[in-house]
Amino acid sequence: MLLAVDIGNTNIVFGLYDADCLRTHWRIRTERNRTVDEYWVLVNEFILLNKITTGTIDDIVISCVVPPLIPVFEELSRKYFRTEPLVVGPGIKTGIPILYKNPAEVGADRIVNAVAGLEKYGGPLIIVDFGTAITFDVVSKKGEYLGGAIFPGLQISMEALYKGTAKLSPVDLVRPEKVIGKSTVESLQAGAIFGFVGMIENIVSKMQGELGEKAKVIGTGGLIKAIADQAPVVEVIDPFLTLEGLKILYDRNRQGK
């Protein structure tokens, strides 16, 4: 079995693959100050809840956008799973040319998404990842990673609004009936939901224009359900795209290990 680990700024997503099948998955909050042993307790608990023994996990692949946690999970892999993990970063085989001015600047999760998107849907492709930040990544018809855009995510944008105002309180981020809110709650919901939908549609439209051809638009990420179903421009919702990309990269780099 393969344990795929996607370490984001807000959450860490785990996926357990049995051959090519995603057998189970779970999510925990990212905590930069947790020790190796503390993370092990959490990981082991979820593994046991799924009636799986750690001895059946042969290898680990990791994508991380929180640099201080890379050595933590490397040590966890060595100490408790007796394996050297594959960490997505410079030097691994991606199978796609990265046409960024400095390829090392591209977040590991963005490359993983591009690899999975190209493998599953072909190019040209625009991938919208709804996480702590909303990222837009573009893959050409030739299978090249062209670059993209980064926008503050829904959750951190709303948290900044609440912290910066005296009279606004957190609300459930659900779609209101109308854009013209009749209460503070409805107004906040309208601004958040319809505002982000408009941003997504505008950026995708401009990207399509720069590409000069129609690209398939894929949505993924932990906060996808709050926005994507209101944005018709998002054609496919693929919540496990990053985990699948990790599995693909593992196969390309560790096949025959």
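This is a predicted model: local features need pLDDT of at least 70, side-chain atom pairs count only at pLDDT 80 or more; totals for chains, interfaces and linings use all residues.
**Ground rules**

I number residues from 1 along each chain as its sequence is written, and my side-chain values use heavy atoms, with hydrogens and water left out.

**Entry 1**

I took helices (H or I, at least four residues) and strands (E, at least two) as DSSP runs, numbered from the N terminus. I count two strands as paired if DSSP finds at least two bridges between them. I looked up an open sheet of 5 strands with mixed pairing, ordered β3-β2-β1-β4-β5. Its edges are β3 (21–29) and β5 (86–87); each has a single partner strand, so one side of each is left without a neighbour in the sheet. Strand β4 (residues 59–64) runs parallel to β5, and 2 bridges join them. Ile62 has Val87 in β5 as its bridge partner.

I then checked the helices against this sheet. For angles I used axes that are lines fitted to C-alpha atoms, for helices over the stretch in contact; the angles run from 0 to 180 degrees between N-to-C directions. Contact here means heavy atoms within 4.5 Å. I find α1 across β1, β2 and β3, at about 140° to β3. I find α2 across β1, β2, β4 and β5, at about 170° to β4.

**Entry 2: the sheet with β6**

I noted another open sheet of 5 strands, with the order β8-β7-β6-β9-β10 and mixed pairing. The edge strands are β8 and β10 (236–237), each pairing on one side only. I list β6 and strand β9 (residues 216–220) as parallel, over 5 bridges. Val128 has Gly219 in β9 as its bridge partner. Helix α5 lies across β6, β7 (133–139), β8 and β9, and runs at about 20° to β7.

**Entry 3: nonpolar cores**

I defined a nonpolar core as a set of buried Ala, Val, Leu, Ile, Met, Phe, Trp, Tyr and Cys residues joined through side-chain atoms within 4.5 Å. Buried means under 20% relative accessible area, exposed over 50%, and partly exposed in between (1.4 Å probe, protein chains only). The largest core has 28 residues, and Val61, Val88 and Leu246 have the most contacts inside it. The elements giving it two or more residues are β1 (2–7), β2 (11–18), α3 (108–121), β6 (125–130) and α7 (241–254). Leaving out residues up to four places away in sequence, I listed Leu2, Leu3, Ala4, Val5, Leu86, Leu246 and Tyr250 as touching Val61. Another core lies apart from it and has 27 residues, including Tyr162, Ile193, Ile200 and Val217.

**Entry 4: two threonines**

I looked up Thr10, which sits in the loop between β1 and β2. Thr10 is buried at a relative accessible area of 19%. Not counting residues up to four places away in sequence, Thr10 touches Ile28, Arg29, Thr30 and Thr132. From Thr10 to Gly89 I read 20 Å, C-alpha to C-alpha, for 79 residues of sequence.

I looked up Thr242 next; it lies in helix α7. Thr242 is buried as well, at a relative accessible area of 8%. Its contacts, leaving aside neighbours within four places in sequence, are Asp6, Val112, Asn113 and Asp129.

**Entry 5: aromatic rings**

I paired rings of Phe, Tyr and Trp (its six-membered ring) if their centres lie within 6.5 Å; planes under 30 degrees apart count as stacked, over 60 as edge-to-face and the rest as tilted. By this rule I count 8 aromatic pairs. Trp40 and Phe81 are edge-to-face, 5.5 Å centre to centre with 80° between the planes. This pair links distant parts of the chain, with Trp40 in helix α1 (residues 36–49) and Phe81 in helix α2 (residues 69–81), 41 residues apart. Trp40 and Phe81 are both buried.

The rings of Phe151 and Phe196 have centres 5.9 Å apart and planes at 85°, so I list the pair as edge-to-face. Phe151 is in strand β8 (residues 145–152) and Phe196 in helix α5 (residues 184–211), 45 residues apart. Phe151 is partly exposed at 31% relative accessible area, whereas Phe196 is buried at 8%.

I also noted a cluster in which ring pairs link Phe14, Trp26, Tyr39, Phe46 and Phe73.
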